[in-house]
Amino acid sequence: MRTLTYREAIREGLDEELARDPNVVIMGEEVAQYNGAYKVTQGLWEKWGDKRIIDTPISEAGFIGMGIGASMLGVRPVMELMFWSFHSVAFDQLVNNAACVRYMSGGLCSCPIVVRGPANGGTNVGATHSHIPEGLFAAFPGLKVCAPATPADAKGLIKTAIRDNDPVYFMENTLLYGMTGEVPDPADGDFVIPLGKAEVKREGSDISLIAHGRSVIHCLEAAETLQNEHGISAEILDLRSIRPLDVDAILATVAKTHRVVLVDESKPFGGVSAMVSHLIQEHAFDELDGPIKRVCTIDAPAIYSPHVENDQLPNPKRIVEKVLSMI
Amino acid sequence: MSDLDFASSPINQSLSAEQKIRLYSQMVRIRRFEQVALANYQKPGRMGGFLHLYIGQESVAVGTLSLCGENDHNITAYRCHAHALASGMNMKECMAELFGKATGCSKGKGGSMHFFAPDKNYWGGHGIVAGQTPLGLGLAYGVKYLGKEGSCLCFLGDGAVNQGAFHESLNIASLFEIPVIYVIENNGYSMGTSQKRSSSYTGCLAQRAESYEIEWDVINGSDIYEVRAKTQIALERARKQNKPTVLEIETYRYYGHSVADANATKYRTPEEIEDYKKNHDPLAVFRRKLTKEGILTDAIHDEITKAANVETAEAVKFAEDSPPPSIADISTDVYWETDNNTEASKIGHHFFA
């Protein structure tokens, strides 16, 4: 099968949806003439022109709100946040308007918008640019959140997100943009991945590592070490979608291995892993052979220093150490 | 300015006597609806939350929205009852919403601040000051994107002009040539803080539009003819040129910021309120004009008032008799996909206990 980078896979997904539906528009800072701050939208302006690919001023509350208003009228905006960290200046629009307008109108309005961009730490850009808000937004009913780890998942999920009739907040990762992986050829048919479906990225029998986003990649590396150096067989469940959440897949892997480490780039307090942990203890308590453990980002604002930032984040070494402390 | 005779503006000259009477009765209906809403709000156990009354400002919603056609949309903040009724919503669904009933326009999920009727181009009813201003921008952008000749009237209060979202919207509206009309309903007070104590400006609030290269105008809100004449210019600019406008309509509210405003009579003098009621009340002013024009008689006025009384009484009865939402209803209207029971909605958990 052919390979694409994560960046190219998203771009291909965007391009296919632009072709499929004339109401799909892409808006954001530097998405058009500059070809995207991270080059995700490279070439799309040249191909689709001013009407479909729109450069906005640095004005997140203004343009995100504009996208929400337009979506209520039937436009299908895909809004790029240069960093998901900038959500804070558009928070009222992202939460009060996108998440609540359907409810407050008794179902009369809908908001088929996608807001996408990178949400990760690990690039030495300090606390303001390193927020990881998937747990934050998944906490608002009315919103959907996903965080793909591979090029194929990124393409399949962005296409689904655009077709979904609810607001979908799509969290990417600058450190994954250059990663390559197999992605089905468009000639072989329309490739989409549903929201709410997790995937076992590696089969195992001794312990379950449950993760999403770049943490999945760390888990894959840690699982190799655990197998090769310690004879421990780790199963890796990639959540892919945070809300809707594949609870059945979570419970199934717990029932298989009976031990769990949740790996989550969020901070520990109230993150995605806190919710997953709650679901496991409520629905699979008797399946557990020990307490649920987590590897999260160390609980402080993101540090700048390139010397230690990687140690603040989940990484293969921390995952291996956590697993070894349990078995 | 106030000496100009806006009754002779083309958009007003084209009105038939019947259409003028309809404008007047719309204002009477809206005022009566709110008076009755207030009376019911004051009876224990009927309504909860806030009730932001529009009484005194009726000419703004009625005058501006009377100019709207098929592709003209509108959206406002939380003082939204008048825009809802002027957009064509019926009193029953609005009153039932205030009563928190399942038959309310938002099924009892929105309340006083959140009335909606997209089928009538009315997009709410928004609770956060200026939070609706980017949405109005988006609706107008949508009109243009979809190739329609139309506009969006986005209403906001004078207290909203200092929010960042409004300024961001003005910048984008001008930059992208978006057919949005921001209508500042200036009633002089952002809650209990007067305009002078809350805004720094040259000339007037609308003049801020100049810094964004947007046309602006100031309107005496007590004259519905002036409201219509000047708004029509902005609408034409939007429809024909895809250009935004900022209008500032001077108006006044008789009641507090909301009924829960404990200081409603403290930050204003009784004389100030009395002066407006006596000399600037939009209903009284229009009644005098129409009487002078020989269109409105006391008999017609009484008939209109009586009809509004009957309509509101029926709306209250409807609201009283309607069932409340059920506990199960709490969990609907959250996601389009789950409401429509789509294949996508069956994958994964959308809700958590």
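**Exercise 1.** Which are the buried residues of helix 9 of chain A?

*Solution.* The model is predicted, and local features need pLDDT of at least 70, side-chain atom pairs count only at pLDDT 80 or more, while totals for chains, interfaces and linings use all residues. Residues are numbered from 1 along each chain as its sequence is written, and chains are lettered from A and ligands numbered from 1 in the order in which they are written.

Step 1. Helices (H or I, at least four residues) and strands (E, at least two) are DSSP runs numbered from the N terminus. A residue is buried if 20 or more other C-beta atoms, placed from the backbone, lie within 10 Å of its own, exposed if 12 or fewer, and partly exposed in between.

Step 2. In helix 9 (residues 247-257) of chain A, the buried residues are A:A249, A:I250, A:T253, A:V254 and A:T257.

Step 3. Seen down the helix axis, these residues fall within an arc of 135 degrees (taken from the directions from the axis to the C-beta atoms), so they line one face of helix 9. An α-helix has 3.6 residues a turn, so residues three or four places apart point the same way.

**Exercise 2.** State what the buried residues of helix 9 of chain A pack against.

*Solution.* Two residues are in contact if their C-beta atoms lie within 7 Å. The partners in chain A are strand 9 (199-202), strand 10 (207-211), strand 11 (234-238), strand 13 (260-264) and helix 10 (272-283).

**Exercise 3.** Describe how helix 3 of chain A and helix 6 of chain B are arranged.

*Solution.* Step 1. The axes, lines fitted to C-alpha atoms over the stretch in contact, come within 6 Å and cross at roughly 55 degrees; angles run from 0 to 180 degrees between N-to-C directions.

Step 2. Angles under 35 degrees count as roughly parallel, over 145 as roughly antiparallel, 65 to 115 as roughly perpendicular and the rest as oblique. Helix 3 of chain A and helix 6 of chain B are therefore oblique to each other.

**Exercise 4.** Is A:V308 buried or exposed?

*Solution.* Step 1. A:V308 lies in the loop between strand 14 (293-296) and helix 11 (309-312) of chain A.

Step 2. A:V308 has 10 C-beta neighbours inside 10 Å, and therefore counts as exposed.

Step 3. From C-alpha to C-alpha, A:V308 and A:V125 are 13 Å apart in space, although 183 residues separate them in sequence.
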